[in-house]
Amino acid sequence: MIRHADPERPIATFTVLCYNVLCDKYATVNQYSYCPSWALNWEYRKGLIIKEIRTYEADVITLQEVETEQFRTLFQPELKQLGYAGIFEAKSRAKTMGEEERKYVDGCAIFWKVDKFDMDKQYLFEFSSVAMKKASTSENMLNRVMPRDNIGLCAVLKIKESVYANKFLGRMQIPMNDNVVGNPLVVATAHIHWDPEFCDVKLVQSMMLTHEVSRVLEEVSKKYQITQQQVPVLICGDFNSLPDSGVFEYLSKGQITRRHMDLKSFRDDSCLEKFTNSTDKNVISHPLRLDSACDINSIPFTNYTLDFKGMIDYIFATPQSLARLGILGPFDPQWVQSNKILGFPHPHVASDHIPIMAQYAIIPTTHQRQQPLQQAGPAAGVIGGGFPSTPSGAQPFLRC
């Protein structure tokens with residue numbers, strides 16, 4: 001727990017889980033030689049994955065590396081029984097394949113508890129298509145970004161009364177201006193390109209993701225008659241990037257310098273101007289204010305294999321509209337050490353990734369304070385930073 005909601009005040013809260021489930025096609029004996037082959041088998045792993053998801057009872061779930069057929073035959077029916085509805089999109093290459101091959105293409109899924117949220121609208125972000133539309137004259141885009149078929153998926157959810165504790169469910173008890181029922185929650189998830197040699201592609205895909213989410217926010221703000229800054233946003237996923245990467249810097253600080261080494265040959269490519277909202281030619285920026293739910297001090301790794309251990313999965317949220325109450329703690333390092341575990345998957349750990357999870361309170365627009373734009377520097381994008389201070393004379397929304 002990081003903050004405590006006042007039990008005597010009606011505060012809308014929910015949890016979100018982010019999990020790369022390692023699809024069957026990638027779980028090869030060559031790749032994970034340290035794991036017994038029976039424990040790599042999908043028939044064994046799928047039971048563990050569902051058990052893992054079921055344990056946390058998250059209100060919103062974002063999954064990566066979900067196989068098309070497994071969404072239909074496993075995830076959707078299993079989670080429906082637990083009270084969830086969900087959406088799925090496969091990576092772009094599925095569109096070029098026959099029906100049988102398409103079943104084995106992986107993609108992203110978003111699930112939500114139907115008693116807490118309704119679906120309003122969904123969006124697919126195909127990064128190769130965005131590259132083609134926005135910057136097809138750029139050789140860098142053509143040769144480096146367009147061939148990768150990574151995608152993002154976005155759901156605009158409508159908040160229902162059950163986000164409040166049962167005793168506050170009668171609307172009359174919630175002051176009209178503080179009631180968030182009927183308001184939107186934007187949830188996006190993505191699986192960014194994996195190859196360490198393509199740190200520029202990861203960064204450009206992240207720019208495309210924030211650009212597309214910003215376009216969604218334009219629509220949402222008009223429909224719900226609130227400002228874009230007032231819309232609560234979650235961006236979750238496997239970004240295949242460490243906390244010292246350009247991707248993390250860009251997402252958490254809101255901008256990145258044109259000279260950043262991760263941009264490689266894109267540093268001098270004018271095509272990136274299509275993805276910035278800054279007039280400063282020396283930076284590429286996005287308008288979202290995002291804080292990461294977890295940092296490496298609290299969660300040292302989200303991916304643990306023989307040759308790589310690190311944090312590459314994230315939950316980002318807009319702190320002016322979502323107050324972080326707590327996070328799921330780290331994987332027990334003692335258990336890993338005492339059992340001399342070389343990496344995951346393992347007979348007790350279904351994927352090479354571990355799930356991450358956070359709990360948030362939805363801050364009513366009347367309690368939100370406009371955030372200044374982030375300044376580059378060590379304090380920007382800090383975990384939990386930017387929580388709105390209470391206007392003078394008002395009751396504090398949450399107690400720390």
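This text leads from the overall dimensions of a predicted model to the packing of two of its helices, H7 and H8.

The chain has 400 residues, for which a compact globule would have a radius of gyration near 21 Å; the value for the chain is 21 Å, so the two agree. Taken along the principal axes, the box filled by the C-alpha atoms is roughly 60 × 50 × 45 Å. Within the chain, 56% of the residues are buried. The secondary structure consists of 9 helices and 16 strands. As for contacts between residues at least 6 apart in sequence, 79% of them join residues at least 24 apart.

The description now turns to a single pair of helices. In general, the packing of two helices is described by the angle between their axes and the distance between those axes. Helix H7 spans residues 199–224 and helix H8 spans residues 246–253; they pack at an angle of about 20°, and their axes lie 9 Å apart. Because angles under 35 degrees count as roughly parallel, H7 is roughly parallel to H8. The crossing of the two helices is right-handed.

Which residues of H7 and H8 meet? On the side of H7 they are Lys202, Leu203, Ser206, Met207 and Thr210, and on the side of H8 they are Gly246, Val247, Tyr250 and Leu251.

Key: Residues are numbered from 1 along each chain as its sequence is written. This is a predicted model: local features need pLDDT of at least 70, side-chain atom pairs count only at pLDDT 80 or more; totals for chains, interfaces and linings use all residues. Side-chain values use heavy atoms; hydrogens and water are left out. Axes are lines fitted to C-alpha atoms, for helices over the stretch in contact, and angles run from 0 to 180 degrees between N-to-C directions. Helices (H or I, at least four residues) and strands (E, at least two) are DSSP runs, numbered from the N terminus. Angles under 35 degrees count as roughly parallel, over 145 as roughly antiparallel, 65 to 115 as roughly perpendicular and the rest as oblique. A crossing is left-handed if the near helix is turned anticlockwise from the far one by less than a right angle, and right-handed if clockwise. Contact means heavy atoms within 4.5 Å. The radius of gyration is taken over C-alpha atoms; the globule rule is 2.2 Å times the number of residues to the power 0.38. Buried means under 20% relative accessible area, exposed over 50%, partly exposed in between (1.4 Å probe, protein chains only).
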